[in-house]
Amino acid sequence: MAFAASLSSPLHFRNPNPLFSPKPTKPSKPFTLKPLPAVPPSLASDVDSATIAAIGGGSVAALAAALSLADPERRRKLQAEEVGGGDKEVVKDYFNKSGFERWKKIYGETDDVNTVQRDIRLGHSKTVENVMKMLLDEGPLAGVTVCDAGCGTGCLAIPLAKEGAVVTASDISAAMVAEAEKQAREQLDLGKEGVILPKFEVSDLESLGGKYDTVVCLDVLIHYPQSKADGMIAHLASLAENRLLLSFAPKTLYYDILKRIGELFPGPSKATRAYLHSEADVERALKKVGWRIRKRGLTTTQFYFSRLVEAVPM
């Protein structure tokens with residue numbers, strides 16, 4: 001699913017306070033990156049006029065204190081009532097309507113994007129590159145079965161197919177799935193030996209079935225609270241025989257405060273609820289079902305922040 005969600009806040013926090021964020025360090029290798037002063041996907045947005053250039057420690061504290069005056073839960077309940085369900089129905093509705101048009105632009109190549117959208121595009125593309133590197137480090141992908149759970153517009157499914165993988169790609173959004181298949185037919189050389197059109201289907205994570213060598217789920221856990229994320233991780237692991245790759249917006253004190261502050265300003269466009277996850281919680285959920293983390297990566301840009309892990313059976 002389209003993730004990354006600059007979904008919960010229209011604020012752009014460009015310069016995190018050093019009290020909460022470590023001094024930036026220059027990254028060397030893709031999987032040894034240090035945390036940078038970036039905003040996680042859940043806090044980014046595409047409304048430049050709402051940009052806040054810097055927030056000092058006092059401002060953060062003052063805004064955090066004002067959280068008690070806000071009622072984000074009431075907004076969420078009203079949003080869910082409008083679509084007749086809970087978080088999943090809200091996500092499905094969003095990515096079939098306004099969210100589809102927004103993320104189609106971000107994941108695409110159009111120049112009709114603002115600075116923040118372009119930066120998120122860069123961050124997401126880096127995550128896809130890191131996933132491909134993790135997979136190819138273990139050998140060629142020709143004939144390897146891969147489940148791309150939450151495929152969005154096909155940003156990962158298509159390069160996987162180009163490498164000869166047998167891909168099943170799904171998303172909760174019918175609009176996203178249709179766009180992904182369209183892009184795949186345009187970009188893949190289906191006459192080339194070993195290149196197979198991915199099988200695209202509309203499905204939520206809970207309904208996915210089958211067995212695959214590798215399961216990948218990028219930037220989708222942001223739509224699940226930890227209580228449900230544990231079950232989703234267990235389910236995805238049950239589909240994988242050898243590898244499970246997950247990316248998620250990491251939960252830290254600083255980003256959690258910014259997320260809560262962002263809930264004070266829902267903006268004119270409706271978006272989905274966003275959940276951050278601690279790496280320790282994700283690792284615990286994996287260990288519970290007999291998997292361990294073998295590789296870790298971190299992708300950061302100014303407005304995109306995503307932890308990537310590769311897990312294998314114990």
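**Close-up 1. Buried Asp 219 in a loop of the predicted model.** Asp 219 has a relative accessible area of 3%, under the 20% limit, and is therefore buried. In this predicted model, Asp 219 sits in the loop that runs between strand S6 (212-218) and helix H8 (226-239). Its phi is near 55 degrees, a positive value in a residue other than glycine. Most residues other than glycine have a negative phi.

**Close-up 2. Crossing of helices H4 and H7.** The axes of H4 (residues 98-107) and H7 (residues 174-187) come within 9 Å and cross at roughly 30 degrees. Because angles under 35 degrees count as roughly parallel, H4 is roughly parallel to H7. The crossing of H4 past H7 is right-handed. On the H4 side the contact is made by Gly 99, Phe 100, Trp 103 and Lys 104, and on the H7 side by Ala 175, Met 176 and Glu 179. By class, the contact of H4 with H7 has 4 nonpolar, 1 polar and 2 charged residues.

Close-up 3. Gly 99 is found in helix H4. With a relative accessible area of 0%, Gly 99 is buried. When neighbours within four places in sequence are left aside, Gly 99 is in contact with Tyr 94 and Met 176. Gly 99 and Met 176 are 77 residues apart in sequence, and their C-alpha atoms are 9.8 Å apart in space. Both residues belong to the contact between the two helices, Gly 99 on H4 and Met 176 on H7.

**Close-up 4. Aromatic pair Tyr 94 and Phe 95.** The count of aromatic pairs comes to 2. In the pair of Tyr 94 and Phe 95, the ring centres are 4.9 Å apart and the planes are at 80 degrees, so the pair is edge-to-face. Planes over 60 degrees apart count as edge-to-face. Both Tyr 94 and Phe 95 are buried. Tyr 94 is also in contact with Gly 99.

**Close-up 5. Aromatic pair Trp 103 and Tyr 107 in helix H4.** The rings of Trp 103 and Tyr 107 have centres 5.6 Å apart and planes at 45 degrees, so this pair is tilted. Trp 103 and Tyr 107 are 4 residues apart in helix H4 and are therefore separated by about one helical turn. Both Trp 103 and Tyr 107 are buried. Trp 103 is also one of the H4 residues that make the contact with H7.

Technical notes: Residues are numbered from 1 along each chain as its sequence is written. This is a predicted model: local features need pLDDT of at least 70, side-chain atom pairs count only at pLDDT 80 or more; totals for chains, interfaces and linings use all residues. Side-chain values use heavy atoms; hydrogens and water are left out. Axes are lines fitted to C-alpha atoms, for helices over the stretch in contact, and angles run from 0 to 180 degrees between N-to-C directions. Angles under 35 degrees count as roughly parallel, over 145 as roughly antiparallel, 65 to 115 as roughly perpendicular and the rest as oblique. A crossing is left-handed if the near helix is turned anticlockwise from the far one by less than a right angle, and right-handed if clockwise. Contact means heavy atoms within 4.5 Å. Ala, Val, Leu, Ile, Met, Phe, Trp, Tyr, Cys and Pro count as nonpolar, Asp, Glu, Lys and Arg as charged, and the others, Gly among them, as polar. Buried means under 20% relative accessible area, exposed over 50%, partly exposed in between (1.4 Å probe, protein chains only). Rings of Phe, Tyr and Trp (its six-membered ring) pair if their centres lie within 6.5 Å; planes under 30 degrees apart count as stacked, over 60 as edge-to-face and the rest as tilted.
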